[in-house]
Amino acid sequence: MSSKVRIGCVGAGYWGKNLVRNFASAEGAELAAVCDADAKVQARVRREYPSAKVTGSYDELLAMSDVDAVVLATPGSSHASLARQALAAGKDVFVEKPLAQTVSDARAVTEEAARLGRVLMCGHLMVFHPAVG
């Protein structure tokens, strides 16, 4: 078993490319896979991160046994649904803000993570920055 958390990033465009870059260089993490629907983004990711698997299929990424955790950087309207799918697939999940578009969807995702014993984390720009924290 790997000592690093093997990350699958979903969405590598406008904001996702920053998450891909950061997880690729983070100590304790390994960028295992990237999923993006845009063929141009896929080509860029293949050039910049040749060791990562690249796919356009979320289902394919979720089925990868070498992905421990999923990072979601997709449109906010998709976050709750995609997070629940990842949790159901046995993955820990980091969701870029917003976690969900409604309080009830946020509760449902949070409750699902707790029920399954999975990690669920929502990213908030600057919350961990030394100047803020």
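Predicted model: local features only at pLDDT ≥ 70, side-chain atom pairs only at ≥ 80, totals over all residues.
1. The chain carries 15 positive and 14 negative charges, and their mean positions are 3 Å apart. As for the surface, the accessible area of the chain is about 7500 Å², with 55% of it belonging to carbon and sulfur atoms.

2. Now the overall fold. The chain has five helices and six strands, and reading along the sequence gives the pattern β-α-β-α-β-α-β-α-β-α-β. The radius of gyration is 14 Å, close to the 14 Å that the globule rule gives for 133 residues, so the chain is as compact as a globular protein of that length. If you are setting up a view, the C-alpha trace spans about 40 × 40 × 30 Å along its principal axes.

3. Among contacts with a separation of 6 or more, 56% are between residues 24 or more positions apart.

4. The largest nonpolar core deserves a look. This core has 23 residues, and the ones with the most contacts inside it are Val10, Tyr58, Leu61, Val70, Leu72 and Val93. Two or more residues come from each of β2 (29-35), α3 (58-63), β4 (69-72), α4 (79-88), β5 (92-96) and α5 (103-116). Helix α4 gives the largest share, five residues. As background, nonpolar side chains in soluble globular proteins tend to be buried together.

5. Neighbours within four places in sequence aside, Val70 is in contact with Gly8, Val10, Tyr58, Leu61, Leu62, Ala86, Lys91, Asp92, Val93 and Phe94. Apart from the core described above lies another one, of 18 residues, including Phe23, Leu31, Tyr49 and Val71.

6. Which residues of helix α1 are buried? In this helix, residues 16-25, they are Gly16, Asn18, Leu19, Val20 and Phe23. The buried residues of α1 pack against β1 (5-10), β2, β4 and β5.

7. A last point concerns a loop residue. Ala89 sits in the loop between α4 and β5. Ala89 counts as partly exposed because its relative accessibility is 36%, which falls between the 20% limit for buried and the 50% limit for exposed. Ala89 and Asp59 are 30 residues apart in sequence, while their C-alpha atoms are 9.5 Å apart in space.

Methods: Residues numbered from 1 in each chain as written. Heavy atoms only, no water. Helix = DSSP H or I, 4+ residues; strand = E, 2+ residues; numbered from the N terminus. Rg over C-alpha atoms; globule rule 2.2 N^0.38 Å. Contact = heavy atoms within 4.5 Å. Areas by Shrake-Rupley, 256 points an atom, 1.4 Å probe, with all protein chains shown as cover. Lys, Arg positive; Asp, Glu negative; His and termini not counted. Charge placed at Lys NZ, Arg CZ, Asp CG, Glu CD. Core = buried A, V, L, I, M, F, W, Y, C linked by side-chain atoms within 4.5 Å. Buried < 20%, exposed > 50% of the residue type's maximum accessible area, 1.4 Å probe, protein only.
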